[in-house]
Amino acid sequence: MPERRIAILGTGANGASIGADLTRAGLDVVFIEQWPAHVEAMRRHGLRIETSEGPQTTRVRAIHLCEVAELQQRFDVVLVAVKAYDTRWACELIRPYLREDGLAVGLQNGLTVDDMSEILGEHRTLAAVIEQSAALYQPGLVERHTPLSASWFAVGSPTPATAGRELEIADLLKHSGTVEVPDDIISAKWMKLVVNCAELVTTAIVDLPMREAIQLPGMHRVMFEAGYEAIRLAIAAGQSVVPLFGLADPPKDRPEELVDAMMDAVLHRFSIPQTRTTVLHDWMKGRHSEVNELNGHVARLAPGLGVPAPVNARVVEIAGRIERGELDRGPDNAALLADPVVG
């Protein structure tokens, strides 16, 4: 059987880490990246990944977005790791270069699977959940906080069109961490959205690593209440409460306990004291964040489903002010976030 050709579409911290793992496993991998300096640094020096076990440099094949049009062969697998808000154009870009019987998998935050299916076809789309912490501040250099032994993935078929093909992707991702194949991948994606609503934007607003942010007065309650609102909304939207990260099932009458367990895992299993969230990374680089695809998704759906979500709405409001330059991020914002909780 010919070796599968794999593309990593979006090689930020997590995408690059996964791509390096697959490359070191001897697989045929192409990095497709939109940050020119990152591509050039990887071409000149390889991809350097710093971990608690020491640095590791991997020679990788990296191309610019503009060079996709020069590709002559198509890919068997595309791992989509761009920001959630970039999903549609990225899928349109790669669509002609994915084999008709190939597979695309979204290794992203947010609920991007419908966009991927619409553009690439249900028969070529799988969904995934990823839990891995890493940072990319300099071109060609990744700080990987979660080692391979602790990285975790779930892969599943969102529709019957790809049923039975989950193991094809699980077989690849096992080179980068532990992989599970849940029966209900969409509910699993919702559960990851739940924990993301609690941690990503909230801690970025106060401009601190997660473990420091949660220690600020009122922040623990804000973060967990954002997650509680999101899991109540998920249930109202017809999703099942399914455990992630190998956690135990929560009591049926207390789904909030899953939020507690997932947050404990994120804070202590998948991060280190200096871990900043991807949203804070974006803001530090002057970039737009995924707030509208995370807390914004909850805030938009909440009124129609009759689920109060004032904390998520407040997170969206404050994040918007920061992105518009009307408010500086910083610890003082903890009091602004706490208003809906204590009010």
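Glu 53 is found in the loop between β3 (47-51) and β4 (54-58), with helices (H or I, at least four residues) and strands (E, at least two) taken as DSSP runs and numbered from the N terminus. At 71% relative accessibility, Glu 53 counts as exposed; the cut-offs are under 20% relative accessible area for buried, over 50% for exposed and partly exposed in between, with a 1.4 Å probe and protein chains only. Glu 53 and Pro 147 sit 94 residues apart in sequence, yet their C-alpha atoms are 8.5 Å apart in space.

A word on the model itself. It is predicted, so local features need pLDDT of at least 70 and side-chain atom pairs count only at pLDDT 80 or more, while totals for chains, interfaces and linings use all residues. Residues are numbered from 1 along each chain as its sequence is written, and side-chain values use heavy atoms, with hydrogens and water left out.

Zooming out, the protein chain has 13 helices and twelve strands. Its radius of gyration is 19 Å, close to the 20 Å that the globule rule gives for 343 residues, so the chain is as compact as a globular protein of that length; the radius is taken over C-alpha atoms, and the rule is 2.2 Å times the number of residues to the power 0.38. Along the principal axes, the C-alpha atoms fill a box of roughly 60 × 40 × 35 Å. Of the 343 residues, 56% count as buried.

Two loop residues come next. Gln 34 is in the loop between β2 (28-33) and α2 (36-45) and, with a relative accessible area of 42%, is partly exposed. Leaving out residues up to four places away in sequence, Gln 34 touches Leu 65, Asp 86 and Trp 89. Its C-alpha atom is 8.6 Å from that of Cys 66, a residue 32 positions away in sequence. Tyr 85 belongs to the loop between β6 (75-80) and α3 (87-94) and is partly exposed as well, at 29% relative accessibility. With residues up to four places away set aside, Tyr 85 touches His 288, Ser 289, Glu 290 and Glu 293. The Tyr 85 side chain also reaches the backbone oxygen of His 288 at 2.9 Å, a polar contact being a pair of N or O atoms within 3.5 Å; within protein, one must be able to donate a hydrogen and the other to accept it, and residues adjacent in sequence count only if both atoms are side-chain atoms.

Helix α11 (residues 295-305) begins with Asn 295, which counts as buried at 0% relative accessibility. The side chain of Asn 295 reaches the backbone oxygen of Cys 197 at 3.0 Å. Beyond its neighbours within four places in sequence, Asn 295 is in contact with Cys 197, Val 201, Asn 312, Val 315 and Val 316. Asn 295, Gly 296, His 297, Val 298 and Ala 302 are buried in α11, and the buried residues of this helix pack against α6, α8 and α12 (310-323). Over in helix α6 (residues 185-205) lies Thr 202, buried at 0% relative accessibility. Not counting residues up to four places away, Thr 202 touches Cys 197, Met 219, Val 222, Met 223, Val 315 and Leu 337.

Most residues other than glycine have a negative phi. Asp 207, in the loop between α6 and α7 (210-213), has a positive phi near 60 degrees and is partly exposed at 28%. Phe 245, in the loop between α8 (219-236) and α9 (256-268), also has a positive phi, of about 60 degrees, but is buried at 3% relative accessibility. Just after α11, Gly 306 takes a positive phi of about 70 degrees.

Key:
Contact = heavy atoms within 4.5 Å.
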